[in-house]
Amino acid sequence: MDHRLASFADFAVGQRASLTRTITAADVAAFRQLTGDANPLHEDEEFARRTFFGGTIAHGMLSASLFSTLIGMLLPGTGTVYRSQSLEFLRPVRPGDTLTAWGEVRVLDAAANRLELDTWIDNQHGQRVLAGRAVLSLLRGVKPA
């Protein structure tokens with residue numbers, strides 16, 4: 001399969017992309033299984049109800065993982081290499097919440113092979129639940145198949 005690699009000419013400062021996904025209880029369980037993070041905040045309703053969260057919450061990194069899809073598939077897309085991602089968790093996410101992950105190009109530096117995106121996630125109420133910044137590079141010189 002021939003994949004077209006993203007290039008700096010494909011982007012402009014201010015360009016945005018987003019993706020939306022509803023976080024389900026099955027997603028939380030699968031993330032727990034994959035990572036081994038069985039913190040009772042994520043799976044024990046009785047325990048979680050006694051905390052300031054008032055009930056179970058999804059893993060923060062489950063929400064943040066939407067950035068991997070956004071960046072790897074949409075903006076910049078194929079050929080993107082993550083260099084760093086900052087994260088600030090602002091509000092809890094609960095199973096059933098619908099999240100929209102956003103990326104907006106802030107810096108394009110072809111000479112340094114660097115893109116920077118502002119990244120954030122809003123819930124179905126328009127509340128920001130996560131914010132950060134991604135620093136990325138683009139693959140160059142991929143050998144033909």
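This is a predicted model: local features need pLDDT of at least 70, side-chain atom pairs count only at pLDDT 80 or more; totals for chains, interfaces and linings use all residues.
**Surface patch.** I began with the nonpolar patch that Met61, Leu87 and Phe89 form on the surface. Together these residues have about 280 Å² of accessible area. I then looked up Phe89 by itself and found it in strand β2.

**Aromatic pairs.** I next asked how many aromatic pairs the structure holds. The count is 2. I followed one of them, formed by Trp102 and Trp120, and recorded it as stacked. The ring centres are 6.0 Å apart, with 10° between the planes. This pair links distant parts of the chain: Trp102 belongs to strand β3 (residues 98–109) and Trp120 to strand β4 (residues 114–122), 18 residues apart.

Trp120, at 9%, counts as buried, because the cut-off for buried is under 20%.

**A charge over a ring.** Staying with Trp102, I asked which residue has its charged end over this ring. I found that it is Arg16, with the charged end 5.6 Å from the ring centre.

The peptide bond that joins Leu75 and Pro76 is cis, with omega at about 5°. I located Pro76 in the loop between α5 (66–74) and β2 (80–89).

Asn113 is not a glycine, yet I noted a positive phi of about 50° for it. I placed Asn113 in the loop between β3 and β4. Is Asn113 buried or exposed? I recorded Asn113 as buried, because its relative accessible area is 14%.

**Asp27.** My last entry concerns Asp27, which I found in helix α1 (residues 25–35). With 15% relative accessibility, Asp27 counts as buried. I then asked which residues Asp27 is in contact with, leaving aside its neighbours within four places in sequence. I listed Arg21, Thr22 and Leu62. I also looked up the spacing between Asp27 and Ala58, which are 31 residues apart along the chain. Their C-alpha atoms are separated by 8.6 Å.

Technical notes. Residues are numbered from 1 along each chain as its sequence is written. Side-chain values use heavy atoms; hydrogens and water are left out. Rings of Phe, Tyr and Trp (its six-membered ring) pair if their centres lie within 6.5 Å; planes under 30 degrees apart count as stacked, over 60 as edge-to-face and the rest as tilted. Helices (H or I, at least four residues) and strands (E, at least two) are DSSP runs, numbered from the N terminus. Buried means under 20% relative accessible area, exposed over 50%, partly exposed in between (1.4 Å probe, protein chains only). A charge sits over a ring if NZ of Lys or CZ of Arg is within 6 Å of the ring centre and within 35 degrees of the ring normal. Patches are made of residues with over 30% relative accessible area and no salt bridge: like charges are joined within 9 Å, nonpolar side chains (Val, Leu, Ile, Met, Phe, Trp, Tyr) within 5 Å. Accessible areas come from the Shrake-Rupley method with a 1.4 Å probe; for residues, only the protein chains shown count as cover. A salt bridge is a side-chain nitrogen of Lys or Arg within 4 Å of a carboxyl oxygen of Asp or Glu. Contact means heavy atoms within 4.5 Å.
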